[in-house]
Amino acid sequence: MPNTPHHIAGNNAEKTKAHNRRVVLGHLQSRDAGRAEIAKASGLSTQTVSNLMAEMEGEGLVHATGRRPAARGQPPLVYAFNPAGAVALGFEVRPDILTMVLTDLGGTALLTRQMRLTRTDPAHVLGLMAQMADEAQTDRPRILGAGLVIPGPFGVEGLSAAGATTLPGWDPKQIPAMAAEALGMPVHLDKDATAAALAEGMGGAAQGLSSYAFLYFGSGLGLGVVSQGQPLRGGFGNAGEVGHIIITPGGLPCDCGNHGCLEQYVSRLSLQRHLVAQGLLASHTRGTDATVAALLAAGNPALSTWITTAAEALSRAIGLLENLFDPQCIILGGALPDALLDALIANLSLPEGSVSRRADRNGPRVARGTSGNRSAAMGAAALVIHDTVTPRLDAHRSMPTEMKDAPCP
């Protein structure tokens, strides 16, 4: 662990045991190491590290790989992170689909299930989730917990809770406890875009990046921002409502009450509305992806028009996000076909007046994610993994009053 401004050290106090476990696991995620090496890098005592290693080895989270040759004395025993030692569940609830994934601690998907929803009331969906979880637990390693992601925003008055991209009745103050009771395990609740950003950092296009943004195409359009390895959530868990940034003043009306929101020009619903208006898609159809793929392959002019308009609006939004967050990269992903995301990226006209225009840049300003339409569900499982292996600077500080009811882990 290099001594950088965002380096996080361990603490020997007993009350910080969970933090210390994250410090050790986080170190072993990136490299195999002996106990003395971990103690030196983390600031923990060798005895504390030894105790933690024994505990986590018993749980299957780490395992010894052998002894490393030493110039003198007994060769140290080297340990490695064991991604197969436990698993995590991830659930994404959208207005029309429930998706579940089961991953190992490295973020590799072991099982995926998807179900169309005709009802979205919490009691019904949580019952379906419980059935999926029971199936997933058959002959599996220990499940550490479940992540649950839903569209935002959480508990707001300034944005209407009406509209096709929201889930009425899903109160973020009550859902985690309800879900934990239904599943019989700890549950982490977060917004879909925030979770999807974590998934891309764990094993996708953002792997190796510490600061990046993820534009998530669900029903609407959301944003997840990771800065120095930690997700930005804001005071109430609602950071990243980029879909409701006004990109065209006085433009198309939005369910939130504004006019000209980005989501009205760049989203799955925007695309569906355009194709229905052009007579290329039946109203309320569920076969959008296949239709879009065929239209894209044929070079359909109506689809090309949507891509041009969407890319123009998206280019303005990306310039804004770059100057706000200074990301290493902005990644597009979610419930749009990969080929369509590639077409959007190819048609971007990124602003020159951006902090992201750097002479030393060694990667693209914008890239497509690799998790596809499972990105948010993968991200839900990543919430559990992130909480297990990633140290947090605020892990032992008192939580501000306004955050005590926030839905984040």
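**Close-up views of a predicted protein chain**

Of the contacts in the protein chain with a separation of 6 or more, 64% are between residues 24 or more positions apart, a contact being heavy atoms within 4.5 Å. The model is predicted: local features need pLDDT of at least 70 and side-chain atom pairs count only at pLDDT 80 or more, while totals for chains, interfaces and linings use all residues. Residues are numbered from 1 along each chain as its sequence is written, and side-chain values use heavy atoms, with hydrogens and water left out.

**View 1. The protein chain as a whole.** The chain has eleven helices and 13 strands; these are DSSP runs numbered from the N terminus, with helices being H or I of at least four residues and strands being E of at least two. Of its 409 residues, 51% are buried. Buried means under 20% relative accessible area, exposed means over 50%, and partly exposed lies in between (1.4 Å probe, protein chains only). The chain exposes about 18,200 Å², and carbon and sulfur atoms supply 51% of that area. Accessible areas come from the Shrake-Rupley method with a 1.4 Å probe, and for residues only the protein chains shown count as cover.

**View 2. Helix α1 against helix α3.** Helix α1 (residues 17–30) packs on helix α3 (residues 46–59) at an angle of about 75°, and their axes are 10 Å apart. Axes are lines fitted to C-alpha atoms, for helices over the stretch in contact, and angles run from 0 to 180 degrees between N-to-C directions. The two helices, α1 and α3, are therefore roughly perpendicular to each other. Angles of 65 to 115 degrees count as roughly perpendicular, under 35 as roughly parallel, over 145 as roughly antiparallel and the rest as oblique. From α1, the contact uses K17, N20, R21, V24, L25 and L28; from α3, T48, L52, M53, E55, M56 and E59. By class, the contact of α1 with α3 has six nonpolar, two polar and four charged residues. Here Ala, Val, Leu, Ile, Met, Phe, Trp, Tyr, Cys and Pro count as nonpolar, Asp, Glu, Lys and Arg as charged, and the others, Gly among them, as polar.

**View 3. Helix α1 against helix α11.** Helix α11 (residues 375–389) packs with α1 at an angle of about 110°, with the axes 7 Å apart. The helices α1 and α11 are therefore roughly perpendicular to each other. On the α1 side are R22, L25, G26 and Q29, which meet D387, T388 and V389 of α11. The contact of α1 with α11 has two nonpolar, three polar and two charged residues.

View 4. In helix α2 (residues 35–42), the buried residues are I38, A39, A41 and S42. Their cover includes α1, β1 (33–34) and α3. R31 is in the loop between α1 and β1, and is partly exposed at 34% relative accessible area. The C-alpha atoms of R31 and F81 are separated by 8.2 Å, although these residues are 50 residues apart along the chain.

**View 5. The aromatic pair.** The structure holds one aromatic pair. F214 and Y216 form this pair, which is stacked, with 6.4 Å centre to centre and 25° between the planes. Rings of Phe, Tyr and Trp (its six-membered ring) pair if their centres lie within 6.5 Å; planes under 30 degrees apart count as stacked, over 60 as edge-to-face and the rest as tilted. F214 is buried, with a relative accessible area of 0%, and Y216 is buried at 1%.

**View 6. Two loop residues with positive phi.** Q228 is not a glycine but has a positive phi of about 50°. Q228 sits in the loop between β10 (221–227) and β11 (230–231) and is partly exposed, with a relative accessible area of 40%. D326, also a residue other than glycine, has a positive phi near 50°. The place of D326 is the loop between α9 (301–325) and β12 (330–334), where D326 is partly exposed at 45% relative accessibility.

**View 7. Two buried loop residues.** S356, in the loop between α10 (338–346) and β13 (366–368), is buried at a relative accessible area of 2%. Leaving aside neighbours within four places in sequence, S356 contacts E322, P327, R361 and R365. L281 is in the loop between α7 (268–277) and α8 (288–297) and is buried at 9% relative accessibility. Not counting residues up to four places away in sequence, L281 touches Q272, L275, V276, T288 and T291.
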